[in-house]
Structures are given as structure tokens and as C-alpha cells.
Amino acid sequence: MADFLPFNTTCDFTTGVLNPPGNLISRYLADMQGVFHDNDAYVAMMKENPKIYEFYNVIIPEEEGHLQHCTSIVYPGKVGNEYFMTKGHYHAIPGTAEIYICFRGRGKLVMQTVKGDFKVLDMYPGSISYIPPFWAHRTINVGSEPLVFFGVYRGDAGHNYGTIEEKGFYKLVIERNNIPTIIDNPLYGR
Ligand code: M6P
Ligand code: ZN
């Protein structure tokens, strides 16, 4: 690891774009079947298949001593009354934490554990959110501009999407009377 040389990446705080861009992953609505609770709204919106979010991963070895880091951009919008959001994941090594620093926009960071704990934090420019070991995490854009944030986590943490894909999150964030509102997920476990 001592052979790995220090380097800079430059981030545009407004757009979240990294230079060099590293590995850019874009997720469109078509990549998120079964993620949003209103399937009729999902099907109707698939005519446009909008981009929901994307993230720029700095290329780092997937090893314990390293730190993966990336920027994410979640676009504003809704599927039915549910805001655009990330898929969400546990880490493949579940006992590894993560930090998010928000640069732009308004978000909700939804977190849960397999034991049943649940927590939501606000994301706003300057917020530094700590996602402890064992907490699944998803980010939701509840504002009208892109939600842009930086994330950093242990090099070998990896992503476990399966648990969330099978069961979902315990709660959803929907718009009700123009206000982001947390409700029980009617489809949890189905
Ligand atoms: C953040 C980090 C990444 C994650 C990305 C998108 O940038 O947590 O590790 O990949 O958000 O979230 P997801 O992997 O759940 O689609
Ligand atoms: Zn993570």
C-alpha cells in the first residue's frame, strides 16, 4: 500500500462532477424497478425514463486500509408522490461506517438496521452525516435542485443491495401537502 501515491481530485461543489471523473455510474428509472411504491406512476413515467441519480467514484483499491470516496447527484423529481432517491444499501462488510457531506440541495438520509432501528437525518449544504456501522442508507432529494454530496467509506466495505431489494426500507418519504412526510412502507417485506 505504501506504493500507492498521494493524489488530488477536483470537485465542482455545484454539479458534483469530479475531475478526473473516475468511474461514473448513472441510474435511470429503468434501473429502479420495484424501488418506488407507486407502480402505476412508475410505469407511466417509464415513457420518459428520466435519470434519477448518478455518482462519480474515485478509483481506489478495494482494500481495508484505503478509503473509497465519491460524489453523488440525486436529481429533483417524484414518482407519484415519492421523491427521487438512491436504491440504498447495507455494506457487504456490514460493520463499516460512512460519512456524507452535503454540498448542495435538500435531502433526507434514511437509515435502518436489520434489528429494526430507523433514523432520518436532514441533508443541507454543510451537513456532515455519520452513518454508523451496520446501518443501511438511502438518500432522498426533497428539494427542487440537485442534491449533491460527498461520501467516504472503508476501501473494502462493498455494497449489499440484496437485503433492501428483497424487503425495502421500513419507511418511505413522500410529499404530502407540499411537505416531505415519513410514512410506514406499505410494501415492506412484500
Ligand atoms: C453514495 C455512496 C456510494 C453509493 C452511492 C449511490 O455516493 O454511498 O457508495 O454507491 O451513494 O447509492 P446506491 O449504491 O445505494 O445506489
Ligand atoms: Zn454505503
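Predicted model: local features only at pLDDT ≥ 70, side-chain atom pairs only at ≥ 80, totals over all residues.
How many nonpolar, polar and charged residues does the lining of the second largest pocket have? The count is four nonpolar, six polar and one charged.

About 190 Å³ of space lies in it. Its lining includes a run from Asn57 through Val58 and Ile59 to Ile60. Asn23, Glu62, Gln68 and Tyr153 also line this pocket. Gly155, Gly158 and His159 complete the list. Keep His159 in mind.

Next comes the largest pocket. Its space is about 330 Å³. The lining has 22 residues, and Gly34, Val35, Ile164, Glu165 and Gly168 are the closest to the centre. Helix 2, residues 162-167, contributes the most to this lining, with four residues. By class, eight lining residues are nonpolar, six are polar and eight are charged.

Now turn from pockets to cavities. A search of the whole structure finds one cavity of 30 Å³ or more. The volume of the largest cavity is about 200 Å³. It has 17 lining residues. Nearest its centre lie Phe55, Ser72, His89, Tyr100 and His159. Several strands supply two or more residues each to this lining: strand 4 (51-57), strand 5 (67-74), strand 8 (98-104), strand 12 (136-141) and strand 13 (147-154). Strand 4 has the largest share, three residues. The lining of the largest cavity counts seven nonpolar, eight polar and two charged residues.

Some of these names return around ligand 1. There are 14 residues around ligand 1, and Arg27, Tyr53, Ser72, Glu98 and Tyr161 come nearest. Ser72 is also among the residues nearest the centre of the largest cavity. For His89, an N or O atom of the side chain is 2.8 Å from an oxygen atom of ligand 1. For Glu98, the distance from a polar side-chain atom to a ligand oxygen is 2.7 Å. His159 also has a polar side-chain atom 2.7 Å from an oxygen atom of ligand 1. On its own, ligand 1 has 370 Å² of accessible area, and the protein covers 99% of that area.

Strand 9 spans residues 107-112 and strand 10 spans residues 118-123. The two pair in the antiparallel sense over six bridges. Lys108 has Asp122 as its bridge partner in strand 10. Five residues lie between the two strands. In the turn, Gly116 has a positive phi of about 115°.

Technical notes:
Residues numbered from 1 in each chain as written. Chains lettered and ligands numbered in written order. Heavy atoms only, no water. Pairing = 2+ DSSP bridges. 1 Å grid on protein atoms, 1.4 Å probe; cavity = no way out; pocket = protein on both sides within 12 Å on 5 of 7 lines; lining within 4 Å. Points joined across faces, edges and corners; volume = space filled by probe spheres on them. Nonpolar A, V, L, I, M, F, W, Y, C, P; charged D, E, K, R; others polar. Near = heavy atom within 4 Å. Polar contact = N/O pair within 3.5 Å; in protein donor to acceptor, adjacent residues only side chain to side chain. Areas by Shrake-Rupley, 256 points an atom, 1.4 Å probe, with all protein chains shown as cover.
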